[in-house]
Amino acid sequence: MASAHTEEGIVPFDAYVRERSERLQRTAWLVVRDWHDARDAVQDALVALYPRWDQLPAGDRQHAYVHRSVVNACLTLLRHRRTRPVADPDALPEPTSTPDHADAVTDAHTIWRWCADLPPVQRAVIALRYHADLSYTDIAAALDCREATARSHVHRALAALRANLTEEGAR
Amino acid sequence: MNLDARITDAMARIDREPVPGGPLDPDALAARASTGATDGERANPGATTRPIRWLALAAAIVLVAGVAGLWLIRPDLRGVPAGTPTGTPAAPAASGWDAVAAHQWRLVAIHAGGAAQPPLPSRTPLTFTMNPGAHSDAGEPAALTYDGLNWVTYYIALGEGSAVILKPGPTTAIGTSDDPLTARTQLMARQFAAVRTYEVTGDSLVFGDESGPLLVYASMGPAPSDPYEAHNTPPPGTPAAPTVEVDIFSGRPNPVVTLDRAVAEQVFMMVADQRAAQESEPGEPELGTGFRGFLVTQADAFVPRMRILPHTIHVEDPAGPYTIRNSQYYQMVYDAVRPLLDADVVAALPPTDPPVVVPKASMPPLTGAPALWALAEPDAVGPTTTVLTLEVMRAECSGGVTGTVLEPTITFSDSEVLIRAAVEPLAGTAFDCRGNPVVRHTVTLPEPLGERTLMDAACLVAPHLRTSTCAQGATRWSPATGPVAPQDWPR
């Protein structure tokens with residue numbers, strides 16, 4: 001079967017996977033910090049969603065729903081690999097941009113490292129907020145929590161990152 | 001560059017990183033979903049090093065597919081009458097009021113003061129029924145309500161002689177002056193009172209007034225034939241029932257029992273609310289020997305495990321453990337699990353405040369709908385009494401009907417006589433919570449009362465244990481004090 005559904009207002013499964021699976025893997029990578037696990041998590045989420053794809057809400061809520069499944073799969077993976085280091089610096093991608101942008105790339109690398117030190121849920125909200133570009137309402141839906149709780153997670157994550165920034169400035 | 005900009009930039013740069021393996025193959029994913037087989041798409045090394053996991057996943061997919069298939073083709077197994085629309089959540093196929101009544105709903109937004117406020121998280125489904133010509137207090141609340149978790153009957157006056165009744169099913173009534181839900185409950189009550197219109201669009205239901213939406217609900221799938229069933233049959237996708245492990249033993253397994261979903265939801269909601277209200281503090285409990293708490297576990301990625309001690313609840317949040325000081329959590333779980341535990345375990349649990357009386361006599365079984373009772377002629381009761389005249393009152397909301405009183409069940413010990421009253425269950429589910437009348441009923445004891453305490457057994461167990469009627473305890477007569485009237489008893 002090439003397509004899971006044809007319901008109006010919902011991006012078909014085929015198109016969604018082709019268009020968004022790479023971006024979803026990047027979002028997942030920001031949470032699990034391992035490309036293989038990120039791919040596993042996204043596959044698990046999409047396989048689980050496939051049978052009820054035509055029942056997903058339409059529009060932005062569809063993305064929130066998919067992200068919820070992906071984040072859920074990421075957190076499940078993290079729970080299963082508690083004995084492995086979550087923030088393995090070797091798992092970080094090497095900078096691939098041109099030397100002209102070396103500083104910016106190093107800066108991005110630093111931010112990713114700081115994010116790697118956050119607890120999984122805070123890492124997830126940063127990925128959803130800044131990479132998936134979800135609203136707080138959608139983050140709350142993705143995490144199945146209240147919007148205030150989602151804001152609180154983001155606030156705490158930013159506070160932790162800001163502490164790193166302050167420390168960096170002091171050096 | 002400020003932090004926000006640096007994060008945004010870093011996130012944008014991740015999009016320039018190549019993804020090993022590239023985009024996924026939708027056909028391979030679809031095939032995997034359909035067959036449960038490992039797909040050729042998964043070429044990553046991690047997959048080959050975790051064969052057991054994939055076997056388990058495949059088995060789980062087959063099992064889920066089987067259960068889902070059975071769920072779809074055998075509606076009788078889930079209490080849904082043949083012909084009822086299936087699929088969850090599904091856009092209501094009916095229109096107008098039929099679409100409202102045909103579905104279970106979950107509150108997703110409360111509009112107040114021009115802004116939408118998020119509700120507390122809940123998976124408890126609600127149903128609505130239209131009751132033409134029903135009793136209505138002009139839209140005034142008949143009882144407190146909060147998203148299906150309190151003892152609810154609520155009228156929304158929609159037109160001349162018609163009223164919508166919100167009826168989520170039997171739950172535990174928990175409402176005190178310091179209840180963290182109270183403010184929101186009052187807001188809900190005000191919003192319900194203002195409702196004048198409703199509209200079903202797709203899978204959304206919006207109650208509103210002339211100025212716009214007031215309460216917004218999302219469909220949770222088809223309504224069960226009996227709204228009470230919704231309480232015990234959660235919609236597909238709901239995690240398995242939460243469990244409570246009584247952490248008390250060393251050297252042998254702790255007892256584990258299932259926790260009533262409504263109680264668990266109430267616990268989770270109160271934690272979320274108190275957490276949001278910044279009534280928590282970071283930290284973990286210091287555990288000694290003996291009772292180390294009720295461990296509440298919900299098979300849900302977003303509900304962390306909770307350890308409940310008599311005056312605190314400790315949440316094992318992955319983002320950092322935290323503690324909330326509140327004795328209600330212990331009371332709620334204690335009341336819910338006590339009847340399920342062995343007597344030696346119950347005896348070892350710390351008492352609640354106020355303590356629950358544990359009678360020596362066995363608890364009489366409930367034979368119909370629950371009822372409470374008082375002595376109709378208290379001054380006539382004494383040690384030689386064998387005939388008692390009871391005033392029996394239906395305990396549930398029933399629209400002001402107590403109905404037929406069934407023969408009460410009586411149990412004895414050498415120090416107590418327990419009487420559990422019951423009334424005939426009523427047909428239908430949509431009732432308001434007017435006070436129910438008392439009905440006189442004569443009971444003949446198989447032997448004289450003697451020097452034993454006479455108790456209303458309903459006041460010894462949840463959900464009536466902590467109601468105002470039982471606030472003074474279960475005793476209705478004792479040789480030491482004589483007759484004791486229940487609090488707030490209608491005269």
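Within chain A of this predicted model, confidence is highest in helix α1(A), at a mean of 89, and lowest in helix α4 (residues 102–116), at 73. These values are pLDDT, the predictor's confidence in each residue on a scale from 0 to 100. Helices are DSSP runs of H or I with at least four residues and strands are runs of E with at least two, numbered from the N terminus. The model as a whole scores ipTM 0.78 and pTM 0.39.

**Confidence by chain**

- Chain A has a mean pLDDT of 74, with 77% of its residues at 70 or more.
- The pLDDT is below 50 over residues 1–7 of chain A, a stretch with 19 contacts beyond near neighbours in sequence; contact means heavy atoms within 4.5 Å.
- Residues 82–101 of chain A also stay under 50, and the model has 30 contacts beyond four places in sequence for them.
- Chain B averages 72, and 62% of its residues score at least 70.
- In chain B, pLDDT remains under 50 over residues 133–155, with 89 contacts beyond four places in sequence, and over residues 227–232, with 19 such contacts.
- Where pLDDT is low, the predicted coordinates should not be read in detail.

**Packing of α1(A) and α2(A)**

- Helix α1 (residues 13–32) and helix α2 (residues 35–49) of chain A pack at about 135 degrees, with their axes 8 Å apart; axes are lines fitted to C-alpha atoms, for helices over the stretch in contact, and angles run from 0 to 180 degrees between N-to-C directions.
- This angle makes α1(A) oblique to α2(A), the class left after roughly parallel (under 35 degrees), roughly antiparallel (over 145) and roughly perpendicular (65 to 115).
- Among the contact residues are Phe13(A), Leu24(A) and Trp29(A) of α1(A), and Trp35(A), Val42(A) and Leu46(A) of α2(A).
- The contact residues comprise 10 nonpolar, 2 polar and 3 charged; Ala, Val, Leu, Ile, Met, Phe, Trp, Tyr, Cys and Pro count as nonpolar, Asp, Glu, Lys and Arg as charged, and the others, Gly among them, as polar.

**Disulfide in chain B**

- The whole structure holds 1 disulfide over all chains, defined as a pair of cysteine sulfur atoms within 2.5 Å.
- Cys459(B) and Cys470(B) form the bond, with their sulfur atoms 1.9 Å apart.
- The torsion about this S-S bond is about -70 degrees, so the disulfide is left-handed.
- Both cysteines lie in the loop between β21 (453–456) and β22 (475–478) of chain B, 11 residues apart.

**Conventions**

- Residues are numbered from 1 along each chain as its sequence is written, and chains are lettered from A and ligands numbered from 1 in the order in which they are written.
- Local features need pLDDT of at least 70 and side-chain atom pairs 80 or more, whereas totals for chains, interfaces and linings use all residues; side-chain values use heavy atoms, leaving out hydrogens and water.
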